[in-house]
Structures are given as C-alpha cells and as structure tokens.
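Have the sequence and the 3D view open side by side. The paragraphs below go through the structure one part at a time.

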Amino acid sequence: MSTDAPDSSTPTEAPIKLSAVEKIKQESNYLMGTIDQELKDPVDHFNNDNLQLLKFHGSYQQDDRDLRVKLKKSGGGKAYSMMLRCRIPGGRLTSDQLVAHLDMCDELGNSTLKITTRQTLQLHGILKSDLREVIKRVNECGLSTLAACGDVNRNIMCCPAKRVGAIHSQLEQFTDELTTALAPQTPAYHELWITDPDTGEKTLADGGEPTPSSNPVIDEPLYGPTYLPRKFKVGIALPEDNCIDIYTQDLGFIAVVRDEKIIGYNVTVGGGMGRTPSAKKTFPALAKRMAFVTPQQAIDVAKAVIIVQRDNGNRSDRKVARLKYLIANWGIERFRSEVESVFGEKLADCTEDDVHGFDDHMGWQAQGDGKWSYGLNVENGRLYDNEKIQFKTAFRKICAEFNREIRFTGHQSIIFCDIEEGEKDRLIEIIQEHGIPTTEQTSTVRRWSMSCVALPTCGLAITESERRLPSLIDSIEEPLAKLGLSNERFTIRMTGCPNGCARPYNADLALVGRAVGKYTLFTGGGWLGNRMAEIYKDAVKDDEVVDEMIGLFAAFKANREGEESFGDFCSRVGVEKLAELAEAAPRP
C-alpha cells in the first residue's frame, strides 16, 4: 500500500509524520488559533499559522504582485490585503444581498467583485483592519463566509436554473439541507466575527450563522478536531444539464428522475483538478460512479464519504491529500465498501442515468410560471465600472427597479429571475445603457470561456489568466468567423497555474500556466465535462498561443467528421496526429 494513502486495515508500524498544516489545525482549538489577538495588532498582515486557519473562515491573505518590485526598491514590504469568499449554496441570493456586496467592494475592497467558478462571490483588496467589519456585514445580510475555503466541504454547487416544478424544488432543498448537514460546528467563527470584540456580546440581529449557547461545547462530530486532510467540493446536477461540472467534484449527485420526480441520485466520488507538473504523483481526475442512493439516504451517505476521507486521506503530504488520491490507491470498490461500512448498509448500484447535456442558462429562458429569467454573460465573472462598461452601476439599478432573485452560474455569469413579460425590454435597456454586451451580442467562444483570477492577487499564479483571456478571445473571434465556426460551442478555460481553479483539465481547449509567459495547451476534453483533456503542447510562449489555437481550429474545420464537436475531434484524432493536421491545415 502506498504511503500516499495509509491502509487503515493494517497496523501502522510508525507514527505518520503530519504535515505542518495538520499540526496547526490540531493546536488551533477548533479554528480559533490566535486570530483574535492578531486582529488587534496594527501589523498589516497575519502570521503563517493563522493564515491557514483563516481559510476556514473564508479568507486568504494576498498581496499585489504588480507592486512587489517597486516596493522592494523603495525599501517597503508587500502590499498586503485579504480576499474574502462567501458561501452561497447553489448560487442563489437576493437583490439586497448582491447590493450589500457591491457596497462592501466599494467601501472596504478594491472596488471590484468577482463571481467565482463555484457560484459564489469574492471580495478582494480588504485591509486586515477591515476584515472583521466585512465578515460582520456579510452575516448581517444573511450570508456567511464560514467554510467557503479550508479543509472542509466548501460551497455546494447546484444547477442555478429557476424552474417551477418538483425537480428543481427538490434540488434546491437538497442543496440547502446538505449545506447545513456538512457545515462545521465550531463556535470560533461566531466568537471571532459576530460578537463585539470588547464586550463579547452578540452584534447581529439576524446573522448568517446561528448563535451558540452561552457555554458552547466544542464538538465537530463530522470533521473532528483536525477537519479534513484537504479541501472538499460537492456538486448536484441533472443528467440533461451538467452546468456545474459534476465529474470535477470530490462528491457529486446526479439526479435520477422518473415521472417528473427525483427518486434518487447516482453518486460520484473523487473528482479534482489540481496537479503539480514537477510531482508525477499528482494528477487531475474525473470522479468515478459509486452507487445509487435514495433522497432519504443521500445526506448520510455524503457524511459517510467525508468520514472515510477524514480517517484515511493523506495527512502527511498535502499534494496528495484530496479524495481522488485515496480512491486511486484503494480502487472504487474498496472505497465503496468503506463508505457502506460507515453508512451501515449496502448501497444499490448506479442506474444507467448519466450526464448528456449542458445548458449555460444564458439569454431568456421561461421559468414555467409565466415569468422569465435572463442569463447575462459576465466575462470571467469580474464586476467593475470604467469609462466603457459599468457592471456595478447597472446591477444596482436592476436590483433597485426589479428587486428579484439572482443566481450565479458555474461559468461565472449571472441570472436575473422572475422577470415579467412586459419587463423584458426594460431589463435589456438598463444593461445596454451601461455599455454591457447582452448575451445575444456576445460571441459563442467568449460565452463558453472562463478563467481564474491569477495575477496580480493570487499567490500561486505563475502567469496571467483573467487579464489575458479577453484579448486572446479578441484575437480568435475573426479567424473562427472566417472558418465558419462562429456558432460552434466549445469550452476554452485558462488558469495562471496548474491548480486548475477554472476546471481546465476536462475542457475542449485549455491553457494552463507553466512558467512566466508560457502555457501548457490541453485539448480533447469537452463541453459535457466527462472526459479528460490531454497535453497537446507544453511551454507554449504567450505570443505563440493564438497561432497554435488557430491551427487547431483550422484542422478541426478541415477534418471533422459529421457534426462532431471540437473536443470529440481532438480526442478521436489524438495529440500527435492533431499536431500534423494543424500544421497542414490552411489558415484563414
């Protein structure tokens, strides 16, 4: 048995050497650490131990990497700030909650707001001295940041489409119940952020987190005192609509529908996108189908999966601590057996139901109640105002005039819900008044692209992503049009490093940061999300990326069979032959 996944069925000859992060969690008093003391310290950044704990509270410490050289030359330190991520199950929130975040990004952040690839929001540029105020205000609007990051279950993804009927109602209820069931129980979050730091009294009338008793008993029945070995991600999807990339999740639930009712879920386990090219032991993986569960079994089976990972995942090497490595070492049959043992009974095999469609929910869609939703493409999820485009001003106006429910997609875009037939023109008018391209004015390739944040704030980024992808799309729109591929649907995903936050490894075409100004090109995944891409070319220079992509599109145009998709074509041909075809294909 590999040391990457200790075999719990045999005695351990020597104590496992825990990673540094495991020791920090172990000594943290259930995530409290010394965060409270540091919040009172005027120093502009946190110590390394508390940085690990702050992730569980929803925050990462960052610095503006664009300023590093300048500050170093002037003898200064780094330009530190905090990123804060919310927990918004299924991406569902109110107009007031969105406006509250727009207010916070203007008053206490860097004046931009980011819709993430997991259907939630990130605030950037928060000073350490303002962190408590921002988290308090998030809770005041009825949301939370607890477990948005860290070694616990994070924001649960679910199809964001608003539809009348039992199916979507069941999905949303399951998402909410699962969020509650898998949430950490530590009172540290409430004590640190929701109570008055001087008096210890509750400061919120109705916050996003429940108030603990006056003498709380610290107990984490699901996670234990050291929580999980690594982050954990959950998604819920429909077979005809895999808009949340179910096979990239640690734990997935594919709804099994009969007679317009969900009778259960096919459970998938072990998805995960991160990899380290220099460490061959790491790899991205798509989840494996494990078993069928009824709605009554689903939450307890989810807990059983988490417990098996908690007790058997690697706690000595964080590079191989995700669930996918435990399953790779054990095999799916043994893993299922362990889950059944914890759950207490045998599980049924998966039904034949599997993903076969993907709706990005953009444009006008009927809700089934006489009202409409409108999905607006937000390029890379970034909300900002400048002289050309005013996302924030437009969204404030929409929220004020309509005051309807809002939902975020897994592709970083926004859905305005409950629009009456007679209000449709007004909504579009507000969007266009503020320079925002409507979804109908957005090219197909741009609509199906997404990126991670990368530079300048992500400490792991090797090269550009969010700031580079728009101009890259600009450069390929015309060649695609000349090839007659303007309406061809395929996913382009870009990340600034191999950690894969924008889920590149199952995309039709992906660019992953490899070195400064260089990318690894992946091809052969697909918009459906159930096939891994392969490395097409490694260490491609930034100024050569567009030419490489155009060559691939030209090869596709000249050699596709029937109506096969771009990803299907690349997968069928294989990377070696693909390079030959790209070299030979006539360019537009």
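In which helix is L98 found? L98 is found in helix 5, residues 95–107; helices (H or I, at least four residues) and strands (E, at least two) are DSSP runs, numbered from the N terminus. This is a predicted model, in which local features need pLDDT of at least 70 and side-chain atom pairs count only at pLDDT 80 or more, while totals for chains, interfaces and linings use all residues. Residues are numbered from 1 along each chain as its sequence is written, and side-chain values use heavy atoms, with hydrogens and water left out.

Is L98 buried or exposed? L98 counts as buried, because its relative accessibility is 0%; buried means under 20% relative accessible area, exposed over 50%, and partly exposed in between, with a 1.4 Å probe and protein chains only. Apart from neighbours within four places in sequence, L98 is in contact (heavy atoms within 4.5 Å) with L93, L113, L121, F395, C399, I406, F408 and I414. The C-alpha atoms of L98 and C141 are separated by 9.3 Å, although the two residues are 43 residues apart along the chain.

A nonpolar core is a set of buried Ala, Val, Leu, Ile, Met, Phe, Trp, Tyr and Cys residues joined through side-chain atoms within 4.5 Å. The largest such core has 103 residues, and L98, F253, F335 and F395 have the most contacts inside it. Helix 9 (residues 295–312) supplies the largest share of this core, nine residues. A second, separate core has 34 residues, including I492, L511, F566 and V573.

A pair of aromatic rings is described by the distance of the centres and the angle of the planes. Rings of Phe, Tyr and Trp (its six-membered ring) pair if their centres lie within 6.5 Å; planes under 30 degrees apart count as stacked, over 60 as edge-to-face and the rest as tilted. The whole structure holds 18 aromatic pairs. One of them joins Y384 and F391 edge-to-face, at 5.4 Å centre to centre and with 70° between the planes. Y384 is partly exposed at 25% relative accessible area, whereas F391 is buried at 5%. F391 also pairs edge-to-face with F395, at 6.0 Å centre to centre and 70° between the planes. Both residues of this second pair lie in helix 12 (residues 391–402), four residues apart, about one turn of the helix. An α-helix has 3.6 residues a turn, so residues three or four places apart point the same way. Elsewhere, ring pairs link F490, F553, F556, F566 and F569 into a cluster.

Rings can also lie under a charge. A charge sits over a ring if NZ of Lys or CZ of Arg is within 6 Å of the ring centre and within 35 degrees of the ring normal. The charged end of R489 sits over the ring of W527, 3.7 Å from its centre. For K424 and the ring of W364, the distance to the centre is 5.0 Å.

Now look at how helices cross. Axes are lines fitted to C-alpha atoms, for helices over the stretch in contact, and angles run from 0 to 180 degrees between N-to-C directions. The axes of helix 16 (residues 542–559) and helix 18 (residues 575–584) come within 8 Å and cross at roughly 90°. Helix 16 is therefore roughly perpendicular to helix 18; angles under 35 degrees count as roughly parallel, over 145 as roughly antiparallel, 65 to 115 as roughly perpendicular and the rest as oblique. At this crossing, G551, L552, A555 and N559 in helix 16 meet L578, L581 and A582 in helix 18.

Last come some points in the backbone. Most residues other than glycine have a negative phi, and most peptide bonds are trans. Q119, which is not a glycine, has a positive phi near 65°. Q119 lies in the loop between strand 4 (113–115) and strand 5 (121–126), and Q119 is buried at 0% relative accessible area. N403 is not a glycine either, and has a positive phi of about 50°. N403 is in the loop between helix 12 and strand 14 (406–408) and is partly exposed at 49%. A cis peptide bond, with omega about 10°, joins L455 and P456. P456 is placed in the loop between strand 16 (449–451) and helix 15 (469–482).
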